[in-house]
Amino acid sequence: MKTVFLFIYHHSHIADLLHTNYIKYLSEKYKVVVITPQREGDHIISKNKIFTSPNIIYAEFPLEHAKWWRRFKLLRASCVRQFDNLLSVQINYKRTRVDDKRRVVLRAVSLMLPRFITSTAMFTWLETFIIPASKIFDEYAEKYKPSIILTATPGFTHFEAWAIILAKKSNIPTAAINFTWDNLTSNGKLIRKTDYLIVWNEIIKKEAKEYHNYSTKDVFVSGPIRFDNYFNHIEGEMTRENFLKSKNLDPARKTVLITTMSKNNYPYHKELVQSIISIRDSNSPKKRFNIFIRVHPIDSFEIYSDIAKANYENLYIERAGKQIKPDSAIGQKVRMDEEDMLNLKHTLMYSDICINPFSTISLESMIFDKPVINIGLDPEYRPALNYVHYKPLLDKKAVKVAYTEKQLEDYIDLYLTKPETDQENRKKIVKDFIGFTDGLSYKRNADFLEEIFKK
């Protein structure tokens, strides 16, 4: 039986891979060494009810040379120029001119250098040259002799970047298996090119070839693992009435779901929530609806504390999982397990509209044929709607974009009274971006390793 090493950093990827059928199926086919970062006071196994098997070994590695990885991130963000044509990159430059003078200086220097020196490939070569071998990695590699190193993303986190570089130094093949739809463009500068990619759809496969020079034979389309639960029955599923009652919402009313994003992506969620409360409570009683607010894992729940304490009728606000860090902490503040995934499925199934700035949850809502309203109220954050990954939703008229509060009110009224509006366009987006609706993306993802091993 072959052995695979699986490196995971983000809590969202831990949920995708260790709280789903993926790890169960992978461990039926291979011996799996799951490696997560060593985090103070946070041990994956003891605190997460992770699936165990004789074929799975869980380990925690300390991230070595953290200072160097921070330096490389700064250099890549400042100096890599091969994605300068992308709107997301251009907007990021504008914001950093104000926030980080170091990046401004490094950017100016990079413009004087030949382009090949400022490529992701050159930085990956430099990292491979500078970062030394790791004793703990070498010991595990010698003991278990992995046939491949799997990472959730192609090096977008320091931990996964380290794993990929160590694999390159040891001549072990690598594959990234669980990154999302915007990563190859929005996070393109941070890529450490793995030998193989397993992606959601043909659109991302095309991006891998165009932006990162992958060959067709090295990119596989499996569908998104994280959405498999939406297409499968999960034990403990509730009726709409019982679910809404569990959130102190009225089952007799329709429900408007508001999902937030990180502050960097959109800082005006509280104002948005207050506008929607005003829209609802200024209407006639017959038009009033439930308001369900889901706070993003990186967003701070504390921002909405006064709204939560105000005891608005038929308004509920919750975190996106179980809190693991205080609201003041940087990064993800919650972690999802099977219970939280079922809660999200219920949330999407039993809401009637989803409102967000420009989030992946738009796709998730469309899986359940729920209308989506995106927010274009603030001119500074409006351009994000035209990022490479998100623009097709607008082009295909699968969402409404509210540029004024009057439009927001009109679109809420339209979708609540005529939910079939834009239905065919939503179906096209699901077909293009989700593709597989059989709940077996995890199986295809793991099965592709057999094809890789034949190469």
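I started with helix α7 (residues 120–130) and α9, which pack at an angle of about 70° with their axes 9 Å apart. Axes here are lines fitted to C-alpha atoms, for helices over the stretch in contact, and angles run from 0 to 180 degrees between N-to-C directions. That makes α7 roughly perpendicular to α9 (65 to 115 degrees counts as roughly perpendicular, under 35 as roughly parallel, over 145 as roughly antiparallel and the rest as oblique). Helices (H or I, at least four residues) and strands (E, at least two) are DSSP runs, numbered from the N terminus.

I noted that this is a predicted model, where local features need pLDDT of at least 70, side-chain atom pairs count only at pLDDT 80 or more, and totals for chains, interfaces and linings use all residues. Residues are numbered from 1 along each chain as its sequence is written, and side-chain values use heavy atoms, with hydrogens and water left out.

Who touches whom? α7 brings Thr124, Glu127 and Thr128, and α9 brings Ile165, Lys168 and Lys169 (contact means heavy atoms within 4.5 Å). By class I get one nonpolar, two polar and three charged residues. Ala, Val, Leu, Ile, Met, Phe, Trp, Tyr, Cys and Pro count as nonpolar, Asp, Glu, Lys and Arg as charged, and the others, Gly among them, as polar.

Next pair: the axes of α14 (residues 269–282) and α19 (residues 405–417) come within 11 Å and cross at roughly 60°. That makes α14 oblique to α19. From α14 the contact uses Leu272, Ser275, Ile276 and Ile279, and from α19 Glu405, Leu408, Glu409 and Ile412. I sorted these residues into five nonpolar, one polar and two charged.

Then α8 (residues 135–144): which residues are buried? Phe137, Ala141 and Tyr144 are (buried means under 20% relative accessible area, exposed over 50%, partly exposed in between, with a 1.4 Å probe and protein chains only). Down the axis of α8 they fall within an arc of 90°, so they line one face; the arc is that of the directions from the helix axis to the C-beta atoms. They pack against β1, β2, β3, β4 and α9. Lys135, Glu142 and Lys143 are exposed on the other side of α8. Lysine 145 follows α8 and has a positive phi, near 50°.

Last, isoleucine 298, in the loop between β9 (290–295) and α15 (305–309). I logged it as partly exposed, at 34% relative accessibility. Its C-alpha is separated by 5.4 Å from that of glycine 331, 33 residues apart along the chain.
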